[in-house]
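Please keep the sequence and the structure in view while reading.

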Amino acid sequence: MSQKRRTFMGQILTGGIGLGIGYFVGAKKEKSYPKDSKKNTVSPYKEGLAISTWYHGIAANNAAWGVISSGGNAIDAAEQGARITEADVTGKSVGIGGTPDREGKVTLDACIMDKNGNAGSVSFLQGIKHPVSVARKVMDETPHVMLVGKGALQFAKEKGFEEEDLLTAETRADYKKWLDTSKYDPIINIENHDTIGLITMDKNGDFSGACTTSGLGYKMHGRVGDSPVIGAGLFVDNAVGAATATGLGEAVLKTCGTFLVVELMRQGMTPNDACKEAVNRIADKQNYENFQIGYIAVNKAGDVGAYSIHPGFDYALHKNGKNEMHKVDSLVK
Ligand code: SD4
């Protein structure tokens with residue numbers, strides 16, 4: 001209820017005392033906001049699911065499912081799933097083995113959000129292979145939402161995370177090769193896979209999500225993308241649904257992408273239509289020929305949807321006993 005409306009209701013209630021206290025007290029109770037939103041959080045879907053971006057999502061979903069199937073909660077499932085991708089040295093877009101920036105530094109972005117709307121995030125974090133778990137600690141153990149750079153690293157070390165070299169022999173060699181041209185060309189994932197965004201729903205029908213990345217390869221030092229930004233790379237509203245994004249973060253940031261997807265679902269759109277509309281908002285204003293965006297979303301009924309700008313985007317879905325890849329429809333055919 002808006003402040004204006006609340007004041008208006010207050011005036012009615014005060015003015016109405018002379019008309020009959022019982023009636024107005026009753027009316028106020030009926031309008032009680034917490035009661036309404038609690039009602040909304042009950043999901044008819046009680047089987048649980050995990051959905052995540054790109055092929056690396058299969059392994060992440062499996063880990064998340066391990067938590068959900070044993071009765072664990074969505075937030076633990078999201079964190080455990082995302083950690084699998086972060087720890088995979090062969091993945092060049094997340095955690096250890098992530099592609100460095102133009103200074104040769106691996107700088108990581110991640111966030112996590114739970115069913116109560118709590119959120120934690122780290123960005124421009126170096127030397128820690130599990131940024132999602134640092135983000136979880138920011139959420140659980142600080143009064144803040146985001147920590148960045150040196151402050152995020154200091155916090156991580158205080159919490160017992162070990163600093164390590166996140167470059168691998170392969171990414172070091174790739175970087176040396178890149179230095180030959182030093183071409184700064186933010187074309188992203190039309191061909192290659194990238195960031196993991198993971199949405200989990202536990203057997204209570206409650207949502208959580210996580211998003212973690214090394215971001216755009218050879219980006220400017222200090223560049224932060226959409227992935228650690230709540231409402232851009234990830235948004236969860238347990239009364240409505242959840243969404244996560246992959247692709248060129250700047251385009252998602254400029255449109256508050258995942259917040260938009262969830263708000264569109266709140267207005268009654270299917271997850272698929274909401275993702276499509278969020279992609280269209282980007283296409284309306286931005287020159288999208290050379291970059292990819294992919295959204296995935298789930299609503300409270302457990303229906304999933306996805307949409308991308310270009311062909312090639314897919315997601316992994318663990319639902320009804322199967323963990324499978326799904327191709328996504330796109331704006332450009
Ligand atoms: C970023 N959104 O840093 C991330 C990169 C990504 O698929 O998702 N790529 O812009």
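The model described here is predicted. Helix H6, which spans residues 131-141, is mostly covered, with 8 of its 11 residues buried. The points below begin with this helix, continue with several strands, and end with the cysteines.

**Helix H6**

- The buried residues of helix H6 are Pro131, Val132, Ser133, Val134, Ala135, Arg136, Val138 and Met139.
- Several helices and strands take part in covering these buried residues of H6, among them helix H5 (74-87) and helix H7 (149-158).
- The cover over H6 also includes strand S2 (108-113), strand S3 (119-125), strand S4 (146-148) and strand S6 (207-213).

**Strands S9 and S10**

- Strand S9 (residues 293-299) pairs with strand S10 in the antiparallel sense, over 5 bridges.
- One of the residue pairs across these strands is valine 298 with valine 304, the latter being the bridge partner in S10.
- S9 and S10 form a hairpin that has 4 residues between the two strands, and glycine 302 in the turn has a positive phi of about 85°.
- Strand S10 (residues 304-308) is mostly covered, since 4 of its 5 residues are buried.

- Strand S11 (residues 314-319) is largely enclosed by the rest of the structure, because 5 of its 6 residues are buried.
- Strand S1 (residues 49-53) is joined to S11 by 4 bridges, and these two strands run antiparallel.
- Threonine 53 has tyrosine 315 as its bridge partner in S11.
- S11 is also joined to strand S12 (residues 322-327), in this case by 6 bridges, and this pair likewise runs antiparallel.
- Leucine 317 has glutamate 324 as its bridge partner in S12.
- S11 and S12 form a hairpin with 2 residues between them, and asparagine 320 in its turn has a positive phi of about 50°.

**Cysteines**

- A disulfide is a covalent bond between the sulfur atoms of two cysteines.
- How many disulfides does the count give for this model? The count comes to 0 disulfides.
- Cysteine 211 is in no disulfide, and the nearest cysteine sulfur, that of cysteine 111, is 5.4 Å away.
- A disulfide requires the two sulfur atoms to be within 2.5 Å.
- Is cysteine 211 buried or exposed? Cysteine 211 is buried, with a relative accessible area of 0%.
- Cysteine 275 is buried, with a relative accessible area of 0%.

Methods
Residues numbered from 1 in each chain as written. Predicted model: local features only at pLDDT ≥ 70, side-chain atom pairs only at ≥ 80, totals over all residues. Heavy atoms only, no water. Buried < 20%, exposed > 50% of the residue type's maximum accessible area, 1.4 Å probe, protein only. Pairing = 2+ DSSP bridges. Contact = heavy atoms within 4.5 Å.
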